[in-house]
Amino acid sequence: KVSLDDPVEKTLQTVADVYFKSSSLMNKHELDNGSNVKYFINCGLVRSYGDKIIQHKAQDIRNNHFNNNVKKILGLFDQNSIDKYSHDFINKVYSSLLSKIIRSNDLGLIIKPKKSKTIYKRLYNETKDLLKLAIQKKKCYIFTSSGHYQSNIPVSMAAYASDICLHTSLAASTAAIECAV
């Protein structure tokens, strides 16, 4: 279980000896839907086991990577950009937010890119300059750790370290949904 279960979907039925689900409520929905399952194993949310560790690391980021004047932190989930149009859009978003936090005394920004390996290739020089300045002023933190294909940092870490989160794309809002769960 890594994502949202829709209990009202009546066209999906499961036939299994053993089925891992997030909760006994979801088991009931399966049975009400006509599924044929011998044994349910409730395992909860896949990443919930590390919540305390993630919260601790998020607090560490808040405490140690921002200057003392920063009181409110915006979190930005960067969905990725793949072409000139989306690069232009991402750069406008970054430039706007970075300019705002640099001018403000009490605002900070945490950036959680989906594809942290390519973030500096996708940002234009002016945007990179703003990012560098914001980081130097301890007004911005960017997650740059990456797995083979995308960031290996859970979005919840950025959410826990932030007061409010923004997403660069409503069409691909899985990061926001993961944080809500």
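Me: Which residues of helix 1 are buried, in this predicted model?
Reply: Helix 1 spans residues 24–32. Seen down the helix axis, its buried residues fall within an arc of 105°, so they line one face. On the other side, Ser-24 and Leu-25 are exposed. The buried residues are Met-26, Asn-27 and Glu-30.

Me: What covers the buried residues of helix 1?
Reply: The buried residues in question are Met-26, Asn-27 and Glu-30. Their cover includes two strands, with residues 15–21 and 36–42. These are strand 1 and strand 2.

Me: Why does Val-18 count as partly exposed?
Reply: Buried means under 20% relative accessible area and exposed means over 50%, with partly exposed in between. Val-18 counts as partly exposed because its relative accessibility is 41%.

Me: Which element gives the most to the largest nonpolar core?
Reply: This core has 18 residues, and Leu-98 and Ile-101 are among those that touch the most other members. Strand 3, helix 3, strand 4, helix 5 and strand 5 each supply at least two residues. The element that gives the most, with seven residues, is helix 3.

Me: How many residues are in the other core, which lies apart from the largest one?
Reply: Among the members of this other core are Ile-61, Phe-77, Ile-110 and Ala-158. The number of its residues is 15.

Conventions:
Residues are numbered from 1 along each chain as its sequence is written. This is a predicted model: local features need pLDDT of at least 70, side-chain atom pairs count only at pLDDT 80 or more; totals for chains, interfaces and linings use all residues. Side-chain values use heavy atoms; hydrogens and water are left out. Buried means under 20% relative accessible area, exposed over 50%, partly exposed in between (1.4 Å probe, protein chains only). Helices (H or I, at least four residues) and strands (E, at least two) are DSSP runs, numbered from the N terminus. The arc is that of the directions from the helix axis to the C-beta atoms. Contact means heavy atoms within 4.5 Å. A nonpolar core is a set of buried Ala, Val, Leu, Ile, Met, Phe, Trp, Tyr and Cys residues joined through side-chain atoms within 4.5 Å.
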